[in-house]
Amino acid sequence: VQLVESGGGLVQAGGSLGLSCAASGSTFSIGDMGWYRQAPGKQRDLVARINSGGSTNYADSVKGRFTISRDNAKSTVYLQMNNLKPEDTALYSCNALIREYFWHSRFNEYWGQGTQVTVSS
(Lines give C-alpha, C1' and ligand atoms only; values in the text may rest on other atoms or scores of the structure.)
Protein backbone atom coordinates (compact mmCIF):
# COMPACT_ATOMS: atom_id res chain seq x y z
CA VAL A 1 0.00 0.00 0.00
CA GLN A 2 1.21 3.48 -0.86
CA LEU A 3 -0.16 6.92 -0.13
CA VAL A 4 0.96 9.42 -2.74
CA GLU A 5 0.42 13.10 -2.08
CA SER A 6 0.34 15.94 -4.57
CA GLY A 7 -0.20 19.64 -4.36
CA GLY A 8 1.43 21.98 -1.94
CA GLY A 9 3.99 24.61 -2.74
CA LEU A 10 4.56 28.28 -2.05
CA VAL A 11 1.70 30.75 -1.71
CA GLN A 12 1.21 34.22 -0.31
CA ALA A 13 -0.83 34.82 2.81
CA GLY A 14 -4.51 34.90 1.99
CA GLY A 15 -4.07 32.53 -0.92
CA SER A 16 -5.32 29.01 -1.50
CA LEU A 17 -3.82 25.60 -2.14
CA GLY A 18 -5.21 22.13 -2.64
CA LEU A 19 -3.67 18.85 -1.58
CA SER A 20 -4.59 15.36 -2.67
CA CYS A 21 -3.55 11.92 -1.47
CA ALA A 22 -4.27 8.73 -3.37
CA ALA A 23 -4.01 5.26 -1.89
CA SER A 24 -2.81 2.48 -4.15
CA GLY A 25 -2.01 -1.19 -3.84
CA SER A 26 -4.04 -3.64 -1.80
CA THR A 27 -6.84 -1.48 -0.41
CA PHE A 28 -9.84 -3.72 0.22
CA SER A 29 -11.32 -1.21 2.65
CA ILE A 30 -10.24 2.28 3.68
CA GLY A 31 -11.39 3.70 6.97
CA ASP A 32 -10.51 7.11 8.33
CA MET A 33 -8.29 9.33 6.19
CA GLY A 34 -6.65 12.49 7.34
CA TRP A 35 -4.08 15.20 7.05
CA TYR A 36 -1.45 16.07 9.63
CA ARG A 37 1.20 18.74 9.61
CA GLN A 38 4.55 19.31 11.23
CA ALA A 39 6.37 22.61 11.37
CA PRO A 40 10.13 22.69 12.02
CA GLY A 41 10.88 22.02 15.66
CA LYS A 42 7.28 21.16 16.48
CA GLN A 43 5.30 17.98 16.88
CA ARG A 44 3.04 16.58 14.19
CA ASP A 45 -0.54 17.73 14.70
CA LEU A 46 -3.88 16.75 13.25
CA VAL A 47 -5.24 19.14 10.64
CA ALA A 48 -8.41 17.30 9.58
CA ARG A 49 -9.86 13.80 9.38
CA ILE A 50 -12.75 12.24 7.51
CA ASN A 51 -14.30 8.83 7.98
CA SER A 52 -15.65 6.54 5.30
CA GLY A 53 -19.13 7.98 5.77
CA GLY A 54 -17.97 11.55 5.26
CA SER A 55 -18.00 12.80 8.84
CA THR A 56 -15.21 15.27 9.47
CA ASN A 57 -13.30 16.91 12.27
CA TYR A 58 -10.85 19.79 12.13
CA ALA A 59 -8.21 21.40 14.24
CA ASP A 60 -9.57 24.63 15.72
CA SER A 61 -6.86 26.62 13.94
CA VAL A 62 -8.14 25.65 10.48
CA LYS A 63 -11.91 25.57 11.00
CA GLY A 64 -13.69 27.71 8.44
CA ARG A 65 -10.61 27.88 6.21
CA PHE A 66 -9.78 24.27 5.32
CA THR A 67 -12.08 21.62 3.88
CA ILE A 68 -11.37 17.90 3.82
CA SER A 69 -13.16 15.60 1.42
CA ARG A 70 -12.73 12.16 -0.08
CA ASP A 71 -13.60 10.19 -3.16
CA ASN A 72 -14.02 6.59 -2.08
CA ALA A 73 -14.13 5.32 -5.66
CA LYS A 74 -10.69 6.83 -6.25
CA SER A 75 -9.32 6.03 -2.77
CA THR A 76 -8.34 9.67 -2.53
CA VAL A 77 -8.56 12.31 0.16
CA TYR A 78 -8.36 16.03 -0.52
CA LEU A 79 -7.59 19.11 1.53
CA GLN A 80 -8.65 22.49 0.22
CA MET A 81 -6.87 25.26 2.08
CA ASN A 82 -8.16 28.81 1.80
CA ASN A 83 -7.10 32.07 3.44
CA LEU A 84 -3.71 30.59 4.23
CA LYS A 85 -1.61 32.14 6.97
CA PRO A 86 2.16 32.05 7.55
CA GLU A 87 1.54 29.83 10.57
CA ASP A 88 0.10 27.18 8.23
CA THR A 89 3.62 26.63 6.89
CA ALA A 90 4.51 22.99 7.51
CA LEU A 91 5.09 19.56 6.02
CA TYR A 92 1.64 18.11 5.39
CA SER A 93 1.28 14.33 5.54
CA CYS A 94 -1.58 12.10 4.56
CA ASN A 95 -2.73 9.31 6.87
CA ALA A 96 -5.12 6.43 6.26
CA LEU A 97 -6.40 3.34 8.02
CA ILE A 98 -6.52 0.54 5.47
CA ARG A 99 -7.68 -3.05 5.51
CA GLU A 100 -5.60 -4.60 2.74
CA TYR A 101 -7.53 -7.82 2.01
CA PHE A 102 -11.02 -9.09 2.80
CA TRP A 103 -9.64 -11.76 5.12
CA HIS A 104 -7.84 -9.18 7.23
CA SER A 105 -9.69 -8.40 10.42
CA ARG A 106 -8.01 -5.14 11.28
CA PHE A 107 -7.06 -1.83 9.74
CA ASN A 108 -3.42 -0.82 9.51
CA GLU A 109 -2.11 2.73 9.54
CA TYR A 110 -0.26 4.20 6.58
CA TRP A 111 1.46 7.55 5.99
CA GLY A 112 2.37 9.46 2.86
CA GLN A 113 5.80 10.94 2.31
CA GLY A 114 4.63 14.49 3.00
CA THR A 115 4.32 17.60 0.90
CA GLN A 116 5.63 21.03 1.87
CA VAL A 117 3.30 24.00 2.18
CA THR A 118 4.95 27.39 2.62
CA VAL A 119 2.94 30.55 3.18
CA SER A 120 4.77 33.85 2.83
CA SER A 121 3.66 36.99 4.60
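Guide: A residue is called buried when its relative accessible area is under 20%, exposed when it is over 50%, and partly exposed in between (1.4 Å probe, protein chains only). This is a predicted model, in which local features need pLDDT of at least 70, side-chain atom pairs count only at pLDDT 80 or more, and totals for chains, interfaces and linings use all residues. Residues are numbered from 1 along each chain as its sequence is written, and side-chain values use heavy atoms, with hydrogens and water left out.

Visitor: Why is serine 20 called buried?

Guide: Serine 20 has a relative accessibility of 18%. Buried means under 20%, and therefore serine 20 counts as buried.

Visitor: What makes the link between serine 20 and serine 6 a polar contact?

Guide: A polar contact is a pair of N or O atoms within 3.5 Å; within protein, one must be able to donate a hydrogen and the other to accept it, and residues adjacent in sequence count only if both atoms are side-chain atoms. The side chains of serine 20 and serine 6 make such a contact at 2.6 Å. Serine 20 is placed in strand β3, where a strand is a DSSP run (E, at least two residues), numbered from the N terminus.

Visitor: How do you know whether asparagine 95 is buried or exposed?

Guide: Its relative accessible area is 0%; the limit for buried is under 20%, so asparagine 95 is buried. Asparagine 95 belongs to strand β9, residues 90-99. Its side chain has a polar contact of 3.0 Å with that of arginine 49. Contact in general means heavy atoms within 4.5 Å, and beyond four places in sequence asparagine 95 has contacts including Asp32, Tyr36 and Trp111.

Visitor: What makes aspartate 32 and arginine 49 a salt bridge?

Guide: A salt bridge is a side-chain nitrogen of Lys or Arg within 4 Å of a carboxyl oxygen of Asp or Glu. The closest N and O atoms of aspartate 32 and arginine 49 are 3.9 Å apart, and the pair is a salt bridge. Aspartate 32 lies in strand β4 and arginine 49 in strand β5, so the pair ties together parts that are 17 residues apart in sequence. Arginine 49 is buried at 12%, whereas aspartate 32, at 29%, is partly exposed.

Visitor: How many salt bridges does the structure hold?

Guide: The structure holds four salt bridges. One of them joins aspartate 60 and lysine 63 at 3.1 Å, N to O; both of these residues are exposed. Another joins aspartate 88 and arginine 65 at 2.7 Å, and both of those are buried. Arg37, Arg65 and Asp88 are linked in a network of salt bridges.

Visitor: Why is phenylalanine 28 called partly exposed?

Guide: Its relative accessibility is 47%. Partly exposed is the range between the limits for buried and exposed, and therefore phenylalanine 28 counts as partly exposed. Phenylalanine 28 is in the loop between β3 (17-24) and β4 (29-38).

Visitor: What makes a set of residues a nonpolar core?

Guide: A nonpolar core is a set of buried Ala, Val, Leu, Ile, Met, Phe, Trp, Tyr and Cys residues joined through side-chain atoms within 4.5 Å. The largest core here has 28 residues, and those touching the most other members include Trp35, Phe66 and Tyr92. Strand β9 gives the most to this core, with five residues.

Methods. Helices (H or I, at least four residues) and strands (E, at least two) are DSSP runs, numbered from the N terminus.
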